[in-house]
Amino acid sequence: MNAASTRPAWQALVTHHAHIGSVHLRELFAADPKRGTRWTVSAAGLHLDYSKNRIDDETVALLSALARDCGLRERIGAMFSGEAINTTEHRAVLHTALRASPDERLWVGGVDVVAEVHAALARMAAFSEQIRGGAWRGHTGLPIRHVINIGIGGSDLGPVMAHEALRHYSQRDLDLRFVSNVDGTALAEATRDLDAAQTLFIVCSKSFRTVETLTNARAARAWCLRQLSDEAAVARHFVAVSASAEATAEFGIAAAQTFPLWDWVGGRYSMASAIGLSTMIAIGPDHFRDLLAGMRAMDEHFRHAPIERNMPALLGLLAVWNNDFLGAATQAVLPYEQYLSRLPAYLQQLTMESNGKHVTRDGEPVGCGTSPIVWGEPGTNGQHSFHQLLHQGTRLVPCDFIGFGQSLNPLPADGSRAHDSRDRQHDLLMANLFAQAEALAFGKTADEVRAEGVPEALVPHRVFEGNRPSNTLLARRLTPHALGALVALYEHSVFTQGVIWGVDSFDQWGVELGKVLAEKTAAELAGADQARPAHDSSTAALIQRYRQLREERP
């Protein structure tokens with residue numbers, strides 16, 4: 001495989017950047033009065049305005065040529081057809097099958113995976129309705145009122161994000177909580193005010209061997225049994241999402257209460273699988289199907305739209321342009337919607353675990369920068385926190401703004417405008433979104449500052465350079481369908497970036513070394529032998545200090 005940076009299309013972009021790199025967005029908009037409507041694309045209920053990127057027609061043409069040169073169209077086909085494109089683990093990558101239509105057929109290894117998916121969805125729906133309707137009773141005969149999802153990584157971030165995003169649609173007499181951190185405080189706080197007789201735990205782990213998840217699950221089991229005092233209670237208060245029926249049975253969870261995962265579902269791509277059981281319990285099977293439909297609509301767009309009009313492909317190519325040609329090491333995701341407060345954290349894993357790689361699929365040095373660092377907060381909170389750096393800092397930070405035409409919680413007009421039915425508070429929220437994107441793009445020159453009568457000594461402090469790229473995504477309302485389309489959009493954008501860089505976006509070997517060392521160190525800390533551990537001098541000294549602190553009494 002040729003490194004991306006050695007390809008002719010990449011070199012053409014290097015040459016092109018030497019020209020456009022000094023052109024300001026003010027000039028680009030002045031030269032093309034229709035730029036704001038021309039550089040847009042709509043799909044699956046989402047509208048993307050990417051006109052505020054530092055690009056022109058030639059940039060898009062060269063990026064599209066690079067995508068073709070790197071085989072993006074062929075890689076898309078290979079993924080959707082079930083080829084083992086996760087090369088280091090020899091697995092197919094079929095999160096798209098999780099939201100396929102029930103009348104589709106996709107055979108992998110002699111098995112119709114779509115039929116298996118819909119069988120699992122039917123089981124999830126039946127169980128969810130039992131919980132939601134009170135038919136599922138705990139060990140003492142009481143209905144379940146509290147559900148705690150225990151997982152980590154993709155088994156937690158997706159369900160947490162989806163639950164928060166779709167809270168408006170949730171059944172409010174059901175209380176959902178999430179535990180991921182192996183810090184005992186997480187489980188202690190999640191269970192502190194609960195009655196075990198009305199609490200259900202969903203333990204999510206593909207292997208059912210994940211140390212953090214199993215540690216928390218065993219602690220939850222002990223908490224439950226301290227209250228209910230009967231091993232038989234486990235069967236009514238624990239269910240599992242796992243690929244290992246043997247391991248779940250050892251824990252005490254019967255096969256009937258174990259929902260399947262497949263090896264072709266990566267953790268960070270799993271929220272549409274049985275990992276989403278907590279989401280389905282919260283919002284109900286019908287809304288969950290709408291979530292899947294939104295994902296499927298974006299899947300079909302990504303699969304068939306030409307690169308130049310393909311929303312995920314364009315978003316991914318722009319990320320490559322900003323990262324590798326404009327030198328932007330980070331990307332801010334700024335949802336102007338409180339319900340999407342956990343979306344940046346979800347996208348951190350999706351992006352950085354997928355493409356935070358230093359070698360290609362062939363094991364050769366990648367030869368260019370890969371994944372940006374993703375971060376963000378909901379608007380307008382971020383405006384009073386880190387937007388100072390976005391506007392006047394020395395680092396270039398491309399931004400994705402996400403907004404909606406209608407609030408899910410419109411507030412009535414105040415007394416002075418009782419006749420006005422419009423949601424003025426949502427208008428203010430969206431005015432801030434549009435203003436931030438505009439200010440980042442165009443800034444304010446020194447002459448404009450002087451024209452406002454600002455003293456000369458303060459002029460440099462009031463100048464905004466502008467020329468800072470952003471995308472704006474809009475949808476009508478935050479519905480399950482819209483969330484599904486948004487998640488699939490970013491999944492496929494990340495995939496596009498990985499194809500350009502030539503990395504395997506579906507393995508995560510980078511998490512292994514720390515886990516192995518942690519297991520070794522945990523065994524040392526648990527043992528009675530207080531000899532100096534065999535580590536570097538810093539780690540050994542820290543372990544010794546921890547042992548001292550552990551034994552101290554107040």
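For residue classes, Ala, Val, Leu, Ile, Met, Phe, Trp, Tyr, Cys and Pro count as nonpolar, Asp, Glu, Lys and Arg as charged, and the others, Gly among them, as polar. This is a predicted model, in which local features need pLDDT of at least 70 and side-chain atom pairs count only at pLDDT 80 or more, while totals for chains, interfaces and linings use all residues. Residues are numbered from 1 along each chain as its sequence is written, and side-chain values use heavy atoms, leaving out hydrogens and water.

A pocket here is an open set of points on a 1 Å grid over the protein atoms alone, where a 1.4 Å probe fits, with protein on both sides within 12 Å along at least five of seven lines; its lining residues have an atom within 4 Å of a point.

The largest pocket has a volume of about 840 Å³. Thr 210, Gly 267, Glu 353, Gln 508 and Lys 515 are the closest to its centre among 35 lining residues. That lining comprises 12 nonpolar, 14 polar and nine charged residues.

The second largest pocket holds about 320 Å³ of space. Of its 17 lining residues, Glu 337, Gln 338, Ser 407, His 426 and Leu 429 are the closest to the centre. Its lining divides into six nonpolar, eight polar and three charged residues.

Finally, is Ser 537 buried or exposed? Ser 537 counts as exposed because its relative accessibility is 59%, where exposed means over 50% with a 1.4 Å probe, protein chains only. Its C-alpha atom is separated by 57 Å from that of Gly 405, 132 residues apart along the chain.

Definitions and conventions:
Grid points are joined across faces, edges and corners, and a volume is the space filled by probe spheres set on the points. Buried means under 20% relative accessible area, exposed over 50%, partly exposed in between (1.4 Å probe, protein chains only).
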